[in-house]
Each structure stands twice: as structure tokens, then as C-alpha cells.
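This report describes a single protein chain, from its overall make-up to selected residues. The sequence and structure follow.

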Amino acid sequence: MTQMILQTQDLTITHLKDLKDLVKDLTLVVNKGDKVALIGEEGNGKSTLLNLLMSPTEIASYASYSGTIHRQFSTLGFLPQSLPAEARSLSLNDYFFGDTMTLLDYGKLYRYASELSFDSDRFASNQQLGSLSGGEKVKVQLIKLFASDAEVFFLDEPSNDLDLDTLKWLEHTIQTLPQTVVFVSHDESLLSQVATKVVHLERIKKRTEARTQVQSLDYDDYKTQRDHQFAKDTKIGKKERKEHAATMAHNQQQQQAVQHRLRTTKNDVLGRLLAKKMKTLQSQERRFLRESEDFTEIPTKEDAISLRFNNISPLPASKVLLQLHNLKLETPERVLSQNIHLLFRGQDRIGIIGANGVGKSTLLNILYQRLQGRPDIKVAYMPQHYEALLPLEESPLEFLNPSEEKEHETKILSHLALLNFTREEARHPIAQLSGGQRAKLLLLNLVLQEPTVLLLDEPSRNISPTSQPELRQLFQSFPGAIVTISHDRLFLRDVCESFYELKPDGLHLINKDDLGH
């Protein structure tokens, strides 16, 4: 017999600041073993819904809700979108062994560490969690989480920053877990591999109206069915309206002809017949209008992001931007990689992959430090951790328009609208924005800088599946030089022309086929 774990009835979530609905009338049943994907554009309330399903207190500071939530579980595990501030100063030893509130299956703990090539001796290390690479932070959280006794796992963007091998492990592990998993993700591969139910949060009609759909389908079937239904309803809806318009036009022509004859006839008998015919035509018109209320609704889709680089003069292809010789990457605890050699020219488009913790973000940051401030180029940087550039207390408008010039403000608001920000969201503190909205804010900042060189650290993370093609097109059309770190194989294939894998012994040139599919 199927065991119900979680149920909502007519659940509506409303943002307290602008009183906009994020989720509308969500009725959802989650059973034991379900793998439920929450999808949608950035800022649509996916993380808010995930947090509310765990506990109402998680959203109380910024959102309210109505409707009912029934929870039939006593223990849960949570992977947040970013490592909480209070956990960053914990040592690995305290994180794994100092937590008396979480029961761990140590057999699973050490098995998962082995499967992920994570040295289990590091469990007892004094290294702080905050000093780990982005991928390693996620990896250690997943190891501990899946070794816990939780009945339900709530995961917010679990694939962020993970290397290719760990992504494959994550897909397999979620597939085979007996527990229920509710997760937010932008990763189309993960969604395709593991989702058994899809909850799609949308904001349509220029983001003024929330719409929520639930389908007990895997992600690929959901996409196929949704596209098919969209095309079918659009075709039927347009046909009904076309036929209705022709019928109404014919009726109006008849009414005009009868009206003309009524005005010109002097025959009383004919006049009474014409008046009766006019009454019939008007009755038909009212009936046609009533029938139009039952037409198939022409469906609408939420707009994907729209952004383009402009006014950029490409650098000469032969211009040497940077040359690295025998570079070593290290932390206070260990050497990450050494013997690194790289030649970077004015038209190069370089993609870098590598295992978590090998130093990819450290390498990109070194490139940025060496290139920024040069008068002959203009470099823009998108870091892995958005807080490195984003002042969380400011609004997007304040961040992008520090001079507060009115003319520039209008331009910024129009750009933000292309990224699906409402005017209210443009004035929310950045701290209240979702990870995806923060990512789009950094993308817009890149475009506004009009750079000739881009350094990108996981640029596709947190961007919704519906906007991924637009994101790839944005960087495909960039006329300058690019170095990007990414584990998104489709992004790398579409944007880059040469590929390197960073290993402990340096950068190794690889073929596109080595990226996998």
C-alpha cells in the first residue's frame, strides 16, 4: 500500500513585501519513495516552497501562506543552496562527529566517501568547511546527509558545483534511495534521470499571476507532454477564435444591412419583418459571445531570459593576454595542483573541467587578479560565490546604478525586465533574491561592463532549464575571449573551442569528446 509522506491542499504562498503570490492553489500528494522535482524560472518561489514544506518558520520572515500542509514524517535532511554561515567555521571533525542531533550510519558514511574518492581520514580533520572548494562543500554535505536516518531529503540545487563523476554518483544515489526526495534543480540531466513527479512554478502575464502545475511524470515525459499540449491548445484556441471572428463579422454585416433597410423602408409589414430579423441577429450575437467564454484557452509560457552583449570591439586573435609557467595552486593545508602552463590569447574560448577541490576556482581567481586593471583590455568576472561581488543589503537597482542617474535607472529597469525581474523585485534587497536571480544579476552586470575578456565560474548554475538555451546563446555570441569553469557539458560544447582538465599535476588539453554526453 502506498504511504503518503506529505500533502498540500490549495496552498498559496504570498510575498510579504509586495503581496505577490509566489505559489497559487498547489494541491500535491507526495508518497514514500517519490522523487519530486520543483522547477521554474528564477524567483518563482521554488526554494520558498521547499522551505515551507519542511517548516512554516523557515519562510515566516518574508512570506505568508494559506491552505493546508500535512506532514507524515518525523525526520528530514536538508541540503541548502549554499553552506550556512554558522557551518563555515566548523571543522570537518566537528561537522561529522560533533553533531549529536543527527544519527549517522557509519557504514554508509565511509562507503559514500569511498565512492566519491573523498579521503575518509579527512573526516577527523581540523580543516574548516568554509575553506573547502564549492564542489567539496556540497560533496561533504551530501555524504553526511545520505548517511543520516532522515525519512525525507529536501535538496536545494544539489548538483551545483559538482564535478562530472560526482554528478553521475548523485543521479544514481537519488534514483536508488528508498527515501522520499523533494528537490529544486536547474540541471536537465539530473531532472531527466531521477524525477518521478514534477511541480512547475510559473509566473505568467508579465509575472503578475502565479500558476502551478503538478504532473506525476518523469521530467522528459513532462516536457514532451507539455510541449505537445501547448501546441495542440494553441492550434485549437486560434482556430476557434478565427472561426468566431468570421461568424461575428458575418453577423455584424447582416445587422448593418438590416439596419440600413429599416431606416429606408416605408413598408410597415416589411419593417416588422426586418425588426424581427434584427432581434434574431442580436440574439445570435449574444449567444456567440457566450460560446466564446468556453473557448480553449490559448496557453502562455513564461518568458526565458533575453540578454545580449553590445558595443564590444574584439581583441586581435594573436594578442597574448596571459601566459602561465609552472604555476602552483595551494592552500595552507595542501598543494592542489602544480606545473600549470597556459597561454591565453585575445580570441580564445577556453573551458576548464576537473575534480572538486583541485583548484579550478583558485586558478580562475588568479587569472582575474593578473588581468584586471590593465588599460589594454576590459575584463569581467563572474565568481562561483555570488556574495564576493554582490552587496546583499542593496537592491539590484542600487547595485547596477550606484550613481542613481534617472536616465541610467530607466535603462537598468528595462534590462532587468528582460531577465524577468518585476519592478518590485528590482527594489528588493539582494539578500531576499533567489540564487538564480542573483546569477542573472551578475550576468547583467557582465553585459553592462561591455568587457573584452570574460572569466566565468560555473555561469550556468542556478539558471532554469527554460533559460539555458538563451544563456548559451549569450556567450556564443560574445565577440571577446573567454575562460570558463563548468561541469555543464552542453554549455562547454556550445560556448568553448578548446578544453582543459585541471589535475594535481597541471592542466591537460583534452578533446571535446572527452567531455562525455
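## Basis of the description

Helices (H or I, at least four residues) and strands (E, at least two) are DSSP runs, numbered from the N terminus. The model is predicted: local features need pLDDT of at least 70, side-chain atom pairs count only at pLDDT 80 or more, and totals for chains, interfaces and linings use all residues. Residues are numbered from 1 along each chain as its sequence is written, and side-chain values use heavy atoms, with hydrogens and water left out.

## Overall composition

The protein chain contains 15 helices and 17 strands, and its C-alpha trace spans about 105 × 65 × 45 Å along the principal axes. Of its 517 residues, 50% count as buried, where buried means under 20% relative accessible area, exposed over 50%, and partly exposed in between (1.4 Å probe, protein chains only). Contact means heavy atoms within 4.5 Å; among contacts between residues at least 6 apart in sequence, 72% join residues at least 24 apart.

The accessible surface comes to about 24400 Å², of which 48% belongs to carbon and sulfur atoms; such areas come from the Shrake-Rupley method with a 1.4 Å probe, and for residues only the protein chains shown count as cover. There are 62 positive and 68 negative side chains, and the centres of the two sets lie 9 Å apart. Lys and Arg count as positive and Asp and Glu as negative, while His and the chain ends are not counted; the place of a charge is taken as NZ of Lys, CZ of Arg, CG of Asp or CD of Glu.

## The second largest pocket

The second largest pocket has a volume of about 590 Å³. Of the 32 residues that line this pocket, K139, D163, G354, A355 and N356 are the closest to its centre. At least two lining residues come from each of helix 5 (134-146), helix 6 (164-176), strand 11 (335-345), strand 12 (349-354) and strand 16 (498-503). Helix 6 gives the most, with five residues.

A pocket is defined on a 1 Å grid over the protein atoms alone, as an open set of points where a 1.4 Å probe fits, with protein on both sides within 12 Å along at least five of seven lines; lining residues have an atom within 4 Å of a point. Grid points are joined across faces, edges and corners, and a volume is the space filled by probe spheres set on the points.

I174 lies in helix 6 and is buried, with a relative accessible area of 0%. Beyond residues up to four places away in sequence, I174 touches K35, F146, L155, V181, L190 and V194. I174 and V194 are 20 residues apart in sequence, with their C-alpha atoms 6.7 Å apart.

A37 belongs to strand 3 (residues 35-40) and is likewise buried, at 0% relative accessible area. Outside four places in sequence, A37 is in contact with F183, L191, A195, K197, V198 and V199. K108, in helix 4 (residues 106-115), is partly exposed at 26% relative accessibility and touches F146 and A147, again not counting residues up to four places away.

## Backbone angles

Most residues other than glycine have a negative phi. E157, in the loop between strand 6 (152-156) and helix 6, has a positive phi of about 55° and is buried at 5% relative accessibility. N326, in strand 10 (residues 320-330), also has a positive phi, near 50°.
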